[in-house]
Amino acid sequence: MSAATEDEEDEDAVELFVADFDARDRALTIHEAGHAVVARALGADVVSVEIDLTTGYGSSRSQDFSDQVNNLAVCVAGCRAENAFDARSPRRAKISDFRKMRKLLSALPEVHRRAARAEGYRLAEATLREHADKVQRLADELMARRWKDGADTVPHRA
């Protein structure tokens with residue numbers, strides 16, 4: 001194999017490596033933007049959105065609602081945003097969302113859980129459709145800021 005071919009293969013490998021990281025980071029920013037945008041659209045004060053580039057985890061901090069359906073909508077909005085924007089993050093990045101959803105549902109009478117869950121998903125999806133441009137803008141901003149100042153975390157104050 002010639003040196004030129006090896007160099008081309010190395011460049012291709014680096015491009016694939018970078019593309020994989022970009023896709024992972026993009027899914028994470030879409031996920032967290034989904035939480036934040038739905039929370040804000042439903043009337044919550046969003047304190048911050050943050051992604052951690054080293055762990056692949058993120059967080060969105062906003063006030064809780066007295067209405068559990070709204071809390072469920074915010075909880076599932078990250079995963080629903082990933083689906084809407086075709087940006088899939090690893091399952092491990094969603095574990096805290098699943099735990100929170102179980103906790104929210106367990107606080108409701110059992111006869112109301114299925115309907116509340118369905119309504120939370122419906123509300124999240126409708127809100128994401130209505131505010132898709134905001135999800136995209138917030139995710140773009142987080143992506144643009146991800147390597148600034150050599151920081152491992154990308155905070156966004158809402």
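Student: Let's start with the strands: how many bridges join β1 to β2, and which way do the two run?

Tutor: In this predicted model, strand β1, covering residues 46-52, is joined by 6 bridges to strand β2, covering residues 57-62, and the two run antiparallel.

Student: Which residue of β2 is the bridge partner of Ile 51, and what stands opposite Ser 48?

Tutor: Ile 51 has Gly 58 as its bridge partner in β2, while Ser 48 stands opposite Arg 61 of that strand.

Student: And the turn of that hairpin, what does Gly 56 do there?

Tutor: The hairpin of β1 and β2 has 4 residues between the strands, and Gly 56 takes a positive phi near 80 degrees in it.

Student: Is Asp 86 buried or exposed?

Tutor: Asp 86 counts as exposed, because its relative accessibility is 63% and the cut-off for exposed is over 50%.

Student: OK, stepping back, what does the whole protein look like in terms of elements?

Tutor: The secondary structure comes to 5 helices and 3 strands, and, read from the N terminus on, the order of the elements is α-β-β-α-α-α-α-β.

Student: How much of the protein counts as buried, and what share of the contacts comes from residues 24 or more positions apart?

Tutor: Of its 158 residues, 39% count as buried. Among contacts with a separation of 6 or more, residues 24 or more positions apart account for 71%.

Student: Now the helices. How do α2 and α4 pack?

Tutor: Helix α2, residues 68-84, packs against helix α4, residues 110-130, at an angle of about 60 degrees, and their axes are 7 Å apart. That angle makes α2 oblique to α4, and the crossing of the two helices is right-handed.

Student: Which residues make that contact?

Tutor: On the α2 side the contact includes Val 69, Asn 70, Leu 72, Ala 73 and Val 76, and on the α4 side the residues include Ala 116, Arg 117, Gly 120, Tyr 121, Leu 123 and Leu 128. By class, the contact of α2 with α4 has 11 nonpolar, 2 polar and 4 charged residues.

Student: What does Asn 70 touch, leaving out residues up to four places away in sequence?

Tutor: With those left out, Asn 70 touches Leu 42, Phe 65 and Leu 123, and Leu 123 belongs to the α4 side of the helix contact.

Student: And α3 with α4, at what angle do they cross?

Tutor: Helix α3, residues 95-106, crosses α4 at roughly 135 degrees, and the axes come within 10 Å. The two helices are therefore oblique to each other, and their crossing is right-handed.

Student: Who meets whom in that contact?

Tutor: Met 101, Leu 105 and Ser 106 of α3 meet Arg 113, Arg 117 and Tyr 121 of α4, a contact that divides into 3 nonpolar, 1 polar and 2 charged residues.

Terms used
Residues numbered from 1 in each chain as written. Predicted model: local features only at pLDDT ≥ 70, side-chain atom pairs only at ≥ 80, totals over all residues. Heavy atoms only, no water. Axes fitted to C-alpha atoms, helices over the stretch in contact; angles between N-to-C directions. Parallel < 35°, antiparallel > 145°, perpendicular 65-115°, else oblique. Left-handed = near helix turned anticlockwise from the far one by under 90°. Contact = heavy atoms within 4.5 Å. Nonpolar A, V, L, I, M, F, W, Y, C, P; charged D, E, K, R; others polar. Pairing = 2+ DSSP bridges. Buried < 20%, exposed > 50% of the residue type's maximum accessible area, 1.4 Å probe, protein only.
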